[in-house]
Amino acid sequence: MPSPSAPLSPDFEPTESQALEDAAPAESGEHIIIARQAILDEKRTVYGYELFDRSTRADEHTAASDAALLFNALSYAGTEALVGRKTVFINCTHESLAGGHLELIHPEKVVLEVPILPEGAPPEEIQGRVPLLEGLRARGFRLAFSQDVLRKAYASWLPLAAFIKLDMQAFQPQLSEPLVKYARAHSPAQLVAEKVETAEQHERMAALGVKLFQGFWFARPSLVKAQTIRPSQATIIQLINLVRRQASTAEIEDLLKKDPTLSFNLLRFINSSGFGLSCEITSFGHAVMILGLKKLFRWAALLMTTSRADSTPPAVGQTAVVRGRLMELLAAELLPPEECDNAFVVGVFSLLDTMLGVPLDKALESVALPQPVVDALLHNTGVFAPFLELTKACESGDDAAFARAAEELHLSNRQVNWAHLQALTWAESLNE
């Protein structure tokens, strides 16, 4: 971070407004690219991050693209790496403010940046948006507006503002003090000086008592890229149909156990900071109960809209399902029933590194799992480790490894072979 008297480094674009308009397109394939820019307090510590969709031009945002940005930020980009526990500022269209995707997030985690209406909007249309904005506030969301909300026509919006962002490129320096005074007189909002590009701009606004700052003088937007795995649309449709007919938790859990990509994405999403839970969810059944059918439907619908039409589970997914089922069956011989689900998770997630194309420890950072599961996957230790070793030996045909692992678990060749056959048959039946 530059000091107040330091010049911008040479790799900065000429102006922030130009840079933010030149959104880099997202890479094709299974990558998500989201830009973030820090919002800092007067002590130069990060207060929050504004997120930008790098796959959609600023003038082409729609309700669907807004929903996809928030969904991808929570589901795929590794929320902890993206924003940690900081407040997230998301730009919205008025259409997206009424979207069901907002039901999936914890209101305290997200600030909705609301644009004013197009030039020439009649007073009754401006006033007509107040109930929607009041409803969002009642649900706990904080609203941010640009300095355009200080216009007389938007007087009814001002009491609803939690933040007003003053664009340092949009008004002359001599107007800074009148704008700040007017905003404070008519709104309880915190003021944010944005697009701050010089020390002079920063010092001027700080002298007026502004506490939050955003702009190139502090930090340029940075890109956060993540490798993702997507369930097939056919599987997502199955989940949607189960939810629509209000299937039991057991039925939904069964589908999640059949598709490692679906279960991985659900656990990662529900444990993201944006969801706002105080404890980690580590089982599929618990995730379904916590989320509830209504939110599960919203999640599945958004997952479908952000998946490619030609997305198909990789062949490795079939192997992962066989591993999970085999470990579940083997564990049922020796462990309490409640541990069988964890054994299944170990088998299914043992191939996440291959599915994601990243080291397994990195893949597991974005999903909450019980410690015994992590121990088996990362350290080959703990109660599930010999089951995983035996499962891998069944795949490889390594007779010595097979015999060693089976003996350690006191399982006969017949028990293991029968379980393996059942697992293969079960996994094959999923494609029928």
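Cysteine 394 is buried, at 14% relative accessibility; buried here means under 20% relative accessible area, exposed over 50%, and partly exposed in between, with a 1.4 Å probe and protein chains only. Cysteine 340 also counts as buried, at 11%. As for disulfides, a search of the whole structure finds 0, where a disulfide is a pair of cysteine sulfur atoms within 2.5 Å.

Before I go on, the basis. This is a predicted model, where local features need pLDDT of at least 70 and side-chain atom pairs count only at pLDDT 80 or more, while totals for chains, interfaces and linings use all residues. Residues are numbered from 1 along each chain as its sequence is written, and side-chain values use heavy atoms, with hydrogens and water left out.

Next, helix H18, residues 399–409. Helices are DSSP runs of H or I, at least four residues, and strands are runs of E, at least two, numbered from the N terminus. The buried residues in H18 are Ala401, Phe402, Ala405, Ala406 and Leu409. They lie on the same side of H18 because they cover an arc of only 125 degrees around the axis, the arc being that of the directions from the helix axis to the C-beta atoms. Asp399 and Glu407 are exposed, on the face turned away from that buried side. After H18 comes histidine 410, with a positive phi near 60 degrees.

Last, threonine 261, which sits in helix H10, residues 260–270. Threonine 261 is buried, with a relative accessible area of 3%.
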